[in-house]
Amino acid sequence: MKVQLPIQNFPAQQTIYDNPARFVIAAKGRRFGATRGAANNFISMAIKRRFHRGLWVDTVNANIERYVERYFIPALKYLVDPQTDQPLWTWRKQQKILTICDSYIDFRSADTPENIEGFDYDYAFLNEAGIILQNEYLWENAIRPMLWDTDCRAVIAGTPKGQNTFHQLYEFGQDPSKKDYVSYKFSSFDNPYAPRDLIMDDIQNMPQRVVSQEIYAEFLDDTGVVFRDVDKVAILDPEKKPQPDPGHMYVMGADIAKLVDYTVLTVFDRTDNHQVEQWRFNGLEYPAIRS
């Protein structure tokens with residue numbers, strides 16, 4: 001049976017999904033089209049029986065629903081049995097499971113990484129990797145061990161957001177000794193359908209750091225993006241933490257996070273003008289953080 005579907009990746013897109021490496025890391029500028037390319041690729045692979053158990057990891061469930069409804073379903077509505085005229089796919093919205101022919105894709109959000117653990121997959125796609133891999137737990141604890149006993153291949157794609165786990169994986173792909181990894185970098189201009197003139201006009205009014213990261217997919221040191229001269233203030237030596245002095249005034253700052261970012265508490269000595277203590281942790285529920 002031959003089925004014509006309105007899916008066609010442009011060459012740079014398809015380069016990512018054609019590479020046979022076990023882990024393909026793609027750093028890309030905004031609007032490059034990696035997400036739509038991944039949807040097209042999943043559909044094509046499912047029809048050709050090239051995977052059976054698929055995994056798609058994204059930022060939040062709301063984005064997952066939009067991608068399925070806007071990228072998958074418009075193409076899949078043409079995928080019907082010519083004899084019975086019945087669709088050859090189903091979308092179980094509550095469970096976030098898309099079945100295509102004999103294959104299925106579990107869609108999971110990165111804000112609940114514990115829901116990803118414990119299953120086996122043949123093929124995986126990690127979307128918005130620059131964001132979701134700010135949480136080291138997601139890769140090191142939830143996803144990576146899950147791939148140990150299978151031949152699962154994974155495409156890990158996103159716009160860089162500092163030098164986090166996504167950057168580390170990208171560097172692996174640049175290292176010839178890491179045979180399982182390969183990495184690519186694409187700018188927004190590598191999408192032949194991107195509005196080049198509009199992007200060029202916007203670049204004129206964008207900070208250079210934003211242009212480098214969001215357009216050209218550069219991995220930037222994330223210190224100093226919001227706060228300048230951090231290294232001149234955060235000079236605490238963990239081995240030489242001073243004891244509290246009753247005659248000094250101290251202030252504490254708390255930056256609260258839950259799973260992706262880290263909660264950080266820092267204490268500053270206003271009298272001597274230096275940092276004296278810091279705690280950094282993540283993965284705790286809000287009641288524990290508050291206590």
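User: Charges to start with: how many positive and negative side chains does the chain have, and how far apart are the centres of the two sets?

Analyst: The chain carries 33 positive and 40 negative side chains. The centres of those two sets lie 6 Å apart. Keep in mind that this is a predicted model.

User: Noted. What about secondary structure, how many helices and strands?

Analyst: There are 10 helices and 11 strands in the chain. The C-alpha atoms fill a box of roughly 85 × 45 × 40 Å along the principal axes.

User: And what share of the residues is buried?

Analyst: Of the 291 residues, 44% count as buried. As for the surface, the chain exposes about 16,500 Å², with 49% of that supplied by carbon and sulfur atoms.

User: Which residues touch the most other members in the largest nonpolar core?

Analyst: That core has 41 residues, and Trp56, Phe72, Leu98, Ile100, Ile105 and Phe107 touch the most other members.

User: Take Trp56. What is it in contact with, leaving aside neighbours within four places in sequence?

Analyst: Its contacts include the aromatics Phe42, Tyr67, Phe72, Phe107 and Phe125. Trp56 also meets Thr35, Ala38, Ala39, Ile105, Asp106, Arg108 and Asn127.

User: New topic: cysteines. How many disulfides do you count?

Analyst: The count comes to zero. Cys101 is in no disulfide, and the nearest cysteine sulfur to it belongs to Cys152.

User: Is Cys152 buried or exposed?

Analyst: Cys152 is buried, at a relative accessible area of 0%.

User: Now helix H6. How many of its residues are buried?

Analyst: Seven of the 10 residues in H6 (165–174) are buried, so the helix is mostly covered. The buried ones are Thr165, Phe166, His167, Leu169, Tyr170, Phe172 and Gly173.

User: Last one. For contacts with a separation of 6 or more, what share comes from residues 24 or more positions apart?

Analyst: Those account for 66% of such contacts in the chain.

Key. Residues numbered from 1 in each chain as written. Predicted model: local features only at pLDDT ≥ 70, side-chain atom pairs only at ≥ 80, totals over all residues. Heavy atoms only, no water. Helix = DSSP H or I, 4+ residues; strand = E, 2+ residues; numbered from the N terminus. Buried < 20%, exposed > 50% of the residue type's maximum accessible area, 1.4 Å probe, protein only. Contact = heavy atoms within 4.5 Å. Areas by Shrake-Rupley, 256 points an atom, 1.4 Å probe, with all protein chains shown as cover. Lys, Arg positive; Asp, Glu negative; His and termini not counted. Charge placed at Lys NZ, Arg CZ, Asp CG, Glu CD. Core = buried A, V, L, I, M, F, W, Y, C linked by side-chain atoms within 4.5 Å. Disulfide = S-S within 2.5 Å.
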